[in-house]
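Could you walk me through this model in my viewer? I would like to know what to select at each stop, and what is there.

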Amino acid sequence: MPTPSPFSPVQIGPITLPNRFIKSGANEAMCWNGGPSKALVKHHRDLAAGGVGMTTVAYGAVSKVGRTLPNQIWIRREILPDLKALADGVHAEGARISMQITHGGSFVTALKVKGPTMSASSGINKAGLLRGNYFRRAMNESDMSQVTGEFVDAARICREAGFDAVELHMGHGYLLNQFISPLSNKRKDRYGGSAENRARFPARVLAAVKAAVGKEMAVIAKINVADGVPGGATVEDGMVTAKVLEAAGADMLVLSGGRNVESNWFMFGSPFQYKHFARTVKSPVNRLMLRLALMSNPKNMVFREMYFLEYSRQIRAAVKMPLGYLGGAKSLANAETAMGEGFDCVVMARALIQDSGLINKFRNGEVTVSPCDACNACSSYIYDPSGTRCEYNPPNDLALNRQRASA
C-alpha cells in the first residue's frame, strides 16, 4: 500500500478523521467548577480551526477522587451543557473531538483524599506524600467494579454531549498505568506478575467502555511504550499491553511513555526547569514536590525529534490495529516519517500549544517546522489561573477561564 499523506482522512473505529493530525491530551487548567470554561472552548476551537483532524481534551476525571489537580474536569451530568458547548465549538470548525477519561488512583498531587488512595498495590504513596496522602491501598474486586462503572458512565456522558471519541489514559502513572507498571503493581493475584496479568484490569475497563459506546464513538487508549527507568515497564511489556488491548477491542492506541514522578523527562524527551514553575507555583508544598520530581532529570539531556520512534516501531510490529505516533514530532517531515513507518496518525502537543494554526501552515506551505524549542515551560502554566500557554505567546484571557462554557 502507498504511504498515506498525513492530510488524508483516516477511519478510527466508527468515526472518520478529516486528516491524521491529532492534538494530544495535555492538561489545560481551563475549568470552571470542575467543568469546561469558555477558555477551554476557545483553546480547542482554535486548534480545530487551525487544522487538526481531532483534538483531545485532557484529563476528564471519571470521579471526584479521580482528579489529581483541583482545576480539572470531573465528568458528571451537571456539566453536560458545558461539555456539549465544547464539542459543538470544535465541530463548528470541522474537526473531531475526544475526551481523555481517567482516574488518578494514588497519583493525587494537589488534593487531600480521605483515607488511603486506591492503587494496584498497597504501600507508601510517593506521589501524595507532600499532600498528606501518605498511603495507598490495593484495589479489590468491589473497587474494580466501581471504577469500571465510573469509566463507562463518563464515556456515556461524553457520547451524550456529542464527543466523537474517548481516550482511556493508561500511561504516565495514573490508575490504569499503576496496574500495567511493575513500579506500582506488586500483586500476587491474576492482576499481577506477568505483563499479560498486569494489563488485565485496564483491558477489562476498555472492553466495558467499548461495549457501552463503541458503536458510536472511537475508543482509544493511551499507553506507555516504556516507563524509561530501571524496574519499570519495558518496551517488551508495552508490546504485550498493546496486544491485550487490541484483543479487548481498542480502536487505536496513542503511544506515549514515562511516568510523572519517576521519569517526566523521558515522557517529554527533554528536561524540566524549575525556574519556569517558580513563577506559577506559589504553594511551598508544591514547590518542594516539584524540586524533588525534577531531581530525576538527567544532566546534559538534549531534546531530539521523534524520540520514541525506536520503541514505537516495536509496538507497530506487534499489532495490526491503528496506532498514533507521539513523541517529538514537530515538523511536516516528522509527520511524513510517522506515516512511512506505518503509523496511522501523528499526535502532537507542545508544537500545537505554541501555534494552534500549525497544521494549516503545514498544509499551505507557510512553514514546515514548528519553532517550539521543547523548553516545557507550557507545562508550568497548568498552575496559572488563566491556563496553559506557550512561554513565548501572550497570556490567555483570564476572564474566559472564570466562566462556564455554556454560560
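A nonpolar core is a set of buried Ala, Val, Leu, Ile, Met, Phe, Trp, Tyr and Cys residues joined through side-chain atoms within 4.5 Å. Keep in mind on this tour that the model is predicted.

**Stop 1: the cores.** Select Ile 101, Phe 163, Leu 168, Val 209, Leu 253 and Met 348: they have the most contacts inside the largest nonpolar core, which has 91 residues. Apart from it lies another core, of 14 residues; Met 54, Ala 165, Val 254 and Val 347 are among them.

**Stop 2: Leu 253.** Centre the view on Leu 253 and show what it touches beyond four places in sequence: Ala 221, Ile 223, Ala 242, Leu 245, Met 321, Pro 322, Leu 323 and Gly 324.

**Stop 3: a helix pair.** Next, select H1 (residues 38–49) and H2 (residues 80–91), whose axes are 8 Å apart and which pack at an angle of about 20 degrees. That angle makes H1 roughly parallel to H2. Their crossing is right-handed. Show side chains for Leu 40, Val 41, His 44, Arg 45 and Ala 48 in H1, which meet Ala 85, Leu 86, Gly 89 and Val 90 in H2. The residues of this contact are six nonpolar, two polar and one charged.

**Stop 4: Ala 212.** Finally, go to helix H6, residues 200–213, and pick Ala 212. Is Ala 212 buried or exposed? Its relative accessible area is 15%, so Ala 212 is buried. Beyond four places in sequence, Ala 212 is in contact with Val 152, Arg 156 and Arg 159. From Ala 212 to Arg 156, the C-alpha to C-alpha distance is 7.2 Å, although they are 56 residues apart in sequence.

Conventions
Residues are numbered from 1 along each chain as its sequence is written. This is a predicted model: local features need pLDDT of at least 70, side-chain atom pairs count only at pLDDT 80 or more; totals for chains, interfaces and linings use all residues. Side-chain values use heavy atoms; hydrogens and water are left out. Axes are lines fitted to C-alpha atoms, for helices over the stretch in contact, and angles run from 0 to 180 degrees between N-to-C directions. Helices (H or I, at least four residues) and strands (E, at least two) are DSSP runs, numbered from the N terminus. Angles under 35 degrees count as roughly parallel, over 145 as roughly antiparallel, 65 to 115 as roughly perpendicular and the rest as oblique. A crossing is left-handed if the near helix is turned anticlockwise from the far one by less than a right angle, and right-handed if clockwise. Contact means heavy atoms within 4.5 Å. Ala, Val, Leu, Ile, Met, Phe, Trp, Tyr, Cys and Pro count as nonpolar, Asp, Glu, Lys and Arg as charged, and the others, Gly among them, as polar. Buried means under 20% relative accessible area, exposed over 50%, partly exposed in between (1.4 Å probe, protein chains only).
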